[in-house]
Amino acid sequence: MKMFKYLFTAVIILGLSACHKKGMEYDASGVFEVTEIIVSSQGSGEILEFDILEGDILNAGQHVGLIDTTQLYLRKVQLQSNIESVRNKKTTPSTQIAAIRQQIQTQQTERKRYENLIALNAGNQKQLDDINAQIELLEKQLAAQIETVNNSNNSLNDEGLSLEAQIDQLDDQIEKSMIYSPVRGTVLAKYAERGELATQGKALFKIADLEIMYLRAYITASQLTMIKIGQNVQVYSDMGESGMREYPGRITWISDKAEFTPKTIQTRDERANLVYAVKIEVRNDGYIKKGMYGEVKF
């Protein structure tokens with residue numbers, strides 16, 4: 001009888017302890033979420049490579065696929081050929097310019113000879129004036145010819161720069177035809193397959209870093225004075241029949257606008273109509289899943 005009494009007392013104590021643990025009060029509750037990134041196609045064409053699977057863990061910058069770049073490469077080859085053709089069109093001072101310079105040199109020699117003759121009263125001033133006029137005319141022709149050559153070369157330079165810019169654009173498009181993972185994370189969904197036609201903006205896959213989870217909880221206005229960004233808190237994930245699992249967390253965001261209490265969320269003060277959303281960063285050990293319910297104690 002005495003043994004039965006002790007056993008009954010122990011059962012009551014354990015029951016009360018379990019009830020107290022189950023009924024542990026928390027300051028706020030919410031749902032765990034992650035930062036999801038939907039990676040879209042930046043190029044257009046047939047998907048030649050895309051071998052990722054849902055659940056794969058990818059590193060930041062990891063190459064995961066390729067969109068056909070054949071047409072882009074052929075256009076690049078054509079532009080490179082055009083650039084070479086433009087370079088070949090560039091000219092240096094032509095033979096015509098060389099001929100004009102030779103004529104100027106000849107006339108300058110004649111002018112010096114006539115100046116000497118005039119100095120000895122053996123020359124004709126009119127002939128000297130004619131030579132000076134001829135030199136002036138030839139110099140104008142030379143300047144005009146040089147300007148024409150320079151303008152032609154400048155125009156060809158501009159044309160070459162335009163072609164090089166087009167090649168740079170094609171290089172950028174070719175680079176964007178490569179599919180990379182923007183972050184380290186787990187593939188949550190795959191929206192395309194190899195052999196399909198990709199268009200610019202088409203969603204290819206969704207990825208998220210599951211090692212960092214966020215508990216989006218809701219607090220009342222009176223609780224705002226209890227928290228601040230960067231504050232360390234205790235977070236509890238609902239593990240179902242296994243109870244609650246405790247994690248250290250850090251408040252990373254506090255909404256500056258109040259909203260009506262979401263129907264799926266129970267706050268400590270059930271009479272409050274308006275609540276504020278907060279996000280708490282938690283490092284996931286693999287047990288927290290997106291969409292699970294969680295609690296927080298400040």
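This is a predicted model: local features need pLDDT of at least 70, side-chain atom pairs count only at pLDDT 80 or more; totals for chains, interfaces and linings use all residues.
Residues are numbered from 1 along each chain as its sequence is written, and side-chain values use heavy atoms, with hydrogens and water left out.

I begin with the aromatic rings. Rings of Phe, Tyr and Trp (its six-membered ring) pair if their centres lie within 6.5 Å; planes under 30 degrees apart count as stacked, over 60 as edge-to-face and the rest as tilted. By this rule there are 2 aromatic pairs. Tyr 26 and Tyr 236 form a tilted one, with 5.2 Å from centre to centre and 50° between the planes. Tyr 26 lies in the loop between helix 1 (2–22) and strand 1 (28–33), and Tyr 236 in strand 11 (residues 232–238), so this pair ties together parts that are 210 residues apart in sequence. Helices (H or I, at least four residues) and strands (E, at least two) are here DSSP runs, numbered from the N terminus.

Are these two tyrosines, Tyr 26 and Tyr 236, buried or exposed? Both Tyr 26 and Tyr 236 are buried, where buried means under 20% relative accessible area, exposed over 50%, and partly exposed in between (1.4 Å probe, protein chains only).

The rings of Phe 50 and Phe 205 have centres 6.1 Å apart and planes at 45°, so this pair is tilted. Phe 50 belongs to strand 3 (residues 45–50) and Phe 205 to strand 9 (residues 203–208), so the pair ties together parts 155 residues apart in sequence. Phe 50 counts as buried because its relative accessibility is 2%, and Phe 205 counts as buried because its value is 0%.

I turn next to charges over rings, which require NZ of Lys or CZ of Arg within 6 Å of the ring centre and within 35 degrees of the ring normal. The charged end of Arg 245 sits over the ring of Tyr 287, 4.0 Å from its centre. Likewise, the charged end of Lys 279 sits over the ring of Tyr 214, 5.0 Å from its centre.

Now to the strands, which pair if DSSP finds at least two bridges between them. Strand 1 pairs in the antiparallel sense with strand 15 (residues 293–297) over 4 bridges, and Ser 29 stands opposite Glu 295 in strand 15. Strand 1 also pairs in the antiparallel sense with strand 10 (residues 212–219), over 4 bridges; there, Tyr 214 is the bridge partner of Glu 33.

An open sheet of 4 strands has the order 2-9-7-4, with antiparallel pairing. Its edge strands are strand 2 (36–40) and strand 4 (57–58), each pairing on one side only.

Finally, the cores: a nonpolar core is a set of buried Ala, Val, Leu, Ile, Met, Phe, Trp, Tyr and Cys residues joined through side-chain atoms within 4.5 Å. Which residues have the most contacts inside the largest nonpolar core? In this core of 20 residues they are Phe 32, Leu 215, Val 235, Ile 280, Val 282 and Val 296. The elements giving two or more residues to the core are strand 1, strand 10, strand 11, strand 12 (244–254) and strand 14 (274–283). A second, separate core of 14 residues includes Ile 47, Val 64, Ile 67 and Phe 205.
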